[in-house]
Amino acid sequence: MGISMNLVPYLVGDLHISAAKSATMVTNFMGTLNLLGLLGGFLADAKLSRYVTVAISAAITSLGVILLTVATTIPSMRPPPCDEYRRQHHECIEANGRQLALLYVALYTIALGCGGIKSNVSSFGSDQFDVTDPKEENAMIFFISRFYFGISIGSLFGVIVLVYIQDNIGRGLGYGISAATMVIALAVLLCGTPWYRFKRPQGSPLTILWRVLFLALKKRNQSYPSHPSRLNDYENRRVPYTKRFKCLDKAAVLDDDCAANTNKNKPCVVSTVTQVEEVKMVLKLLPIWSTCILFWTIYSQMTTFTIHQATAMHRTVGSFVIPAGSFSAFLVITILLFTSLNEKVFVPLARKLTHNVQGITCLQRIGIGLILSIAAMVGAAIVEKERRERAIQKEIKLSAFWLFIQFFLVGCGEAFAYVGQLEFFIREAPDRMKSMSTGLFLSTISMGFFVSSLLVYIVDHATKKSWLRTNLNKGKLNNFYWLLAALGFINLLVFLILASRHEYRTHLPIKPESREEELKSLNNEMIEDVEKKASIQSLENIEP
């Protein structure tokens, strides 16, 4: 947080890179960081353990922050200083490729390390507790709350203390403190090794996913069996058979080569019905997944253009000048506040009104988050229009505290959307693919940042660089915010359509008969009727 939230002012002010290009650099960095979380999760599940992955990733992150400290400390890594007059007339010398090389190496080394930490450290923490023991289960809940609290405190420290040090004392010292804390964190992690509980890698769910897709494509010319019960391992399935994405059933077709018992258990030759249905469950999540991306595109503006706005606004309180990056503390505080209010006020109230044990369903949470993100962009557009008019017509700087509107609305939105998205992917993902749910969630964040980079590129070229200018008074940033609000509204409509059609996963207590008995006693209609009744009964008896 101490790096990403204050990177744009450094790129624009010290390296003289344009605002649009600086925003793209930051969103690409953050997008890659979250995308590499998928790689970290895959390595931990497939080959390495979570502990080894976290330890290696922490070492890589430490190296990356040390390189960043060096890149921002050496004078030759920056272009010559530029006075305000030359800056206003765009005459500053931009950093060249040689000067940016070490910065890029540092940032993407950090992204590689943080991706491995982000996807595994919370899971490794939860591995330390036995959920079958009520005392340890309660201790795990306590750990998770303190884990999130620790992240929030670290975020506040980063955006308030470290950002101030970077702006007023020196980037080298600010990033040096970050490097030192990462080294200390790695040492603390390693010191606890004798007391940890370790779980061996059990194989990545991504392996099952690509194998089912590959086998379905390979067997695409084969005919469907006369009855689903003829599919491989149908009698031992652990999830109900569905007709959705029927083309994937061919991955479980037993051809002549697979008919022998020796080949039935070879996953590279034929998949089981359970594996096929688990892949269907994942594919069913993708439509909702796609509509979650734009929320994080809007969120990414809080780390880029909103911080750049703050640099052009009145930030003085008495004789103290608040660093532009420190205004993101409003975002962190709002997230903390509304996360607590959600569980202690909104959800209990919703339970009384809806008589639903969840209070607010995960899709409803996501919908609320999307609405708030649209409102944030509307507010941001209005504030920027007022700021620009005052600066041009009256030569008065608008107070930076007006940015509280967009920080507050996006923070409220994240409190709903973050929890809703994570809960949705965890609840709806197959039991054996729970780790994949974290990967899907991280990928929405990653894609959100990349979409922001793409939009900036398109807008910058379509408007001939008239909207997104380094000098905000000569640009039209408010139009970019209106564009995001319009895209958010269209995305919300698509989400509402998809959410209304989504069928929540049901956990059916299936106890199928043998294949011979089932073929004699049940036809297709009877199977559907049995599953429907079992589903209704399961929903009536399900525990919150």
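Modeller: Let us look at helix α2, which passes helix α5 in a right-handed crossing (the near helix is turned clockwise from the far one by less than a right angle). This is a predicted model, in which local features need pLDDT of at least 70, side-chain atom pairs count only at pLDDT 80 or more, and totals for chains, interfaces and linings use all residues. Residues are numbered from 1 along each chain as its sequence is written, and side-chain values use heavy atoms, without hydrogens or water.

Helix α2 covers residues 19-46 and helix α5 residues 97-118 (helices are DSSP runs of H or I, at least four residues). Their axes, which are lines fitted to C-alpha atoms over the stretch in contact, with angles from 0 to 180 degrees between N-to-C directions, come within 7 Å and cross at roughly 40°. On the α2 side, the residues in contact (heavy atoms within 4.5 Å) include M25, F29, L33 and G37, while those they meet in α5 include L103, Y104, L107 and G115. Sorted by class, this contact of α2 with α5 has 12 nonpolar, seven polar and one charged residues, where Gly counts as polar.

The loop between α4 and α5 holds C92, and the loop between α3 (50-73) and α4 (84-88) holds C82, 10 residues apart. A disulfide (cysteine sulfur atoms within 2.5 Å) joins C82 to C92, with 1.9 Å from S to S, and this link is left-handed, with -75° about the S-S bond. C82 has 13% relative accessibility and so counts as buried (under 20% relative accessible area, with a 1.4 Å probe and protein chains only).

How values were computed: Helices (H or I, at least four residues) and strands (E, at least two) are DSSP runs, numbered from the N terminus. Buried means under 20% relative accessible area, exposed over 50%, partly exposed in between (1.4 Å probe, protein chains only).
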